[in-house]
Amino acid sequence: MDNGSRQIINASGNVTVLGASLASRASVAAATEILDHFVEMPELHRQASQVIANACKAEAGCVTSCAAAGICVAVAATMTGDDLARIETLPDTTGLKNQVVIQRGHNCHFGGGVAQMVHLSGAQTIEIGSVNRAVGYQLAGAITSDTAAGLFVVSHQTAQVGMISLVEFADLCHAKGVPVIVDAASECDLEVFLQQGADLVIYSGHKFLNGLTAGIIAGRKDLVRACFLQHIGISRAMKVGREGIASTIAALDRWSGLDHAKINEQVAARTETAFSRLQGISGLTTSVEPDPTGNPVSRVRLKIDAEIIGFGAEKFRRLLAHCSPAIHLRSHDSDQQSLLIDPSTVTDEEILLVAGQISRLLSNPAAISLSGELPLPPSENLQNWPDPPPYVAVGID
Ligand SMILES: *Cc1c(COP(=O)(O)O)cnc(C)c1O
């Protein structure tokens with residue numbers, strides 16, 4: 001099995017380990033074009049700032065190498081402001097406010113740890129509350145003269161109940177003069193978080209925007225300026241090239257011209273297709289579930305009855321990922337015997353293939369033969385890298 005050439009069907013959404021998204025023609029063309037000549041980088045960044053400002057209804061914007069870098073750079077900006085000497089001495093934070101308050105239920109792992117991205121800048125994280133509960137007085141009590149920023153994470157990976165809302169979080173931070181950074185890497189609404197009180201908001205350029213690998217920071221002009229200036233400091237080690245900036249500009253232009261209502265309908269139709277084709281299978285219960293953070297996508301949830309099927313959700317998702325073509329489902333709660341089909345990263349043809357393969361395997365699980373224990377999908381199996389991951393033949397009679 002050559003993983004390099006196996007066809008991959010991504011029904012799990014914009015996940016980094018599978019390449020995040022398909023790059024739009026517009027963003028690729030913009031990158032190709034700009035790579036042909038020299039530019040003045042601050043000028044290009046300035047153009048990007050205007051495009052981001054328009055798209056996000058912000059004062060200014062800055063392109064970073066990715067959203068994870070955006071977290072680090074935004075935190076750095078709240079510590080140093082536009083003081084070049086300070087910028088050049090990070091991650092040494094001696095004499096600076098260097099604490100970032102975050103709700104414990106927001107301190108999640110998106111493929112990398114949010115806290116680690118903060119720590120990269122030299123800042124410390126101060127967690128408030130418990131994994132399932134945080135309240136305003138805990139936040140107010142944690143803000144001191146050492147607080148550089150409040151960090152608010154919007155993601156399905158965070159606790160979805162019991163947290164302080166962004167509006168209240170921002171009010172409490174602002175009452176003490178503390179700026180609020182929102183990590184909205186996977187969110188599609190480019191305006192709402194600034195409206196709700198964020199001073200800086202971070203998006204990914206290569207998730208729903210279908211740009212090349214990049215991140216976007218939008219918000220208050222003085223803070224965005226301080227983000228931009230980090231390129232003479234720590235963000236030199238996470239530099240975005242001119243191709244990343246040009247492709248992000250093109251991706252935002254494209255996004256503003258898309259017929260979102262029509263695209264949302266097409267995505268919803270794929271959900272409906274998968275849902276309707278997975279009815280009446282013994283041991284499988286399906287439901288349609290809206291995105292937990294309000295993105296315009298509903299996913300099909302598959303509940304596996306391991307007693308009836310003979311194996312659980314984790315084994316099933318590994319099975320699908322070892323088939324050819326490989327099918328990747330959204331599987332962060334496979335330990336709850338649950339998997340999700342994400343219709344936003346597949347084509348109309350692929351959703352039929354996905355539903356067809358799931359139906360075929362679960363309708364007759366006895367027909368599946370394996371040559372050994374199923375290891376993690378090759379995309380997640382780093383055990384022997386750079387040697388190939390373990391091979392398991394999946395036979396279907
Ligand atoms: C994907 C994601 C990131 C990282 O985004 P990149 O652009 O891939 O670095 C950060 N935070 C959250 C909540 C994410 O979902």
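Ala, Val, Leu, Ile, Met, Phe, Trp, Tyr, Cys and Pro count here as nonpolar, Asp, Glu, Lys and Arg as charged, and the others, Gly among them, as polar. With that scheme, the shell around the ligand divides into 5 nonpolar, 5 polar and 2 charged residues. The model is predicted.

Start at the ligand. The residues around it are T16, C66, A67, A68, F110, S155, D183, A185, S186, S204, H206 and K207. How much of the ligand's accessible area does the protein cover? On its own, the ligand has 380 Å² of accessible area, and the protein covers 94% of that.

Now turn to the helices. Take α2 (41-56) and α10, which spans residues 242-257. Their axes come within 10 Å and cross at roughly 25°. Angles under 35 degrees count as roughly parallel, so α2 and α10 are roughly parallel to each other. Their crossing is left-handed.

A second pair is α13, residues 313-322, and α14, residues 348-363. These two pack at an angle of about 125°, and their axes are 11 Å apart. The crossing in which α13 passes α14 is right-handed.

The backbone comes last. Most residues other than glycine have a negative phi, and most peptide bonds are trans. Some places in this model depart from that pattern. K57 is one of them: its phi is near 50°, a positive value in a residue other than glycine. K57 sits in the loop between α2 and β2 (60-64). This brings back α2, the helix that crosses α10.

Cis peptide bonds also occur. Which bond is cis in the loop that holds P91? The bond from L90 to P91 is cis, with omega near 10°. P91 lies between α4 (84-89) and β3 (99-103). The bond from W385 to P386 is cis too, with omega near 10°. P386 has its place in the loop between β13 (368-370) and β14 (394-396).

Key:
Residues are numbered from 1 along each chain as its sequence is written. This is a predicted model: local features need pLDDT of at least 70, side-chain atom pairs count only at pLDDT 80 or more; totals for chains, interfaces and linings use all residues. Side-chain values use heavy atoms; hydrogens and water are left out. A residue is near a molecule or strand if one of its heavy atoms lies within 4 Å of it. Accessible areas come from the Shrake-Rupley method with a 1.4 Å probe; for residues, only the protein chains shown count as cover. Axes are lines fitted to C-alpha atoms, for helices over the stretch in contact, and angles run from 0 to 180 degrees between N-to-C directions. Helices (H or I, at least four residues) and strands (E, at least two) are DSSP runs, numbered from the N terminus. A crossing is left-handed if the near helix is turned anticlockwise from the far one by less than a right angle, and right-handed if clockwise. Angles under 35 degrees count as roughly parallel, over 145 as roughly antiparallel, 65 to 115 as roughly perpendicular and the rest as oblique.
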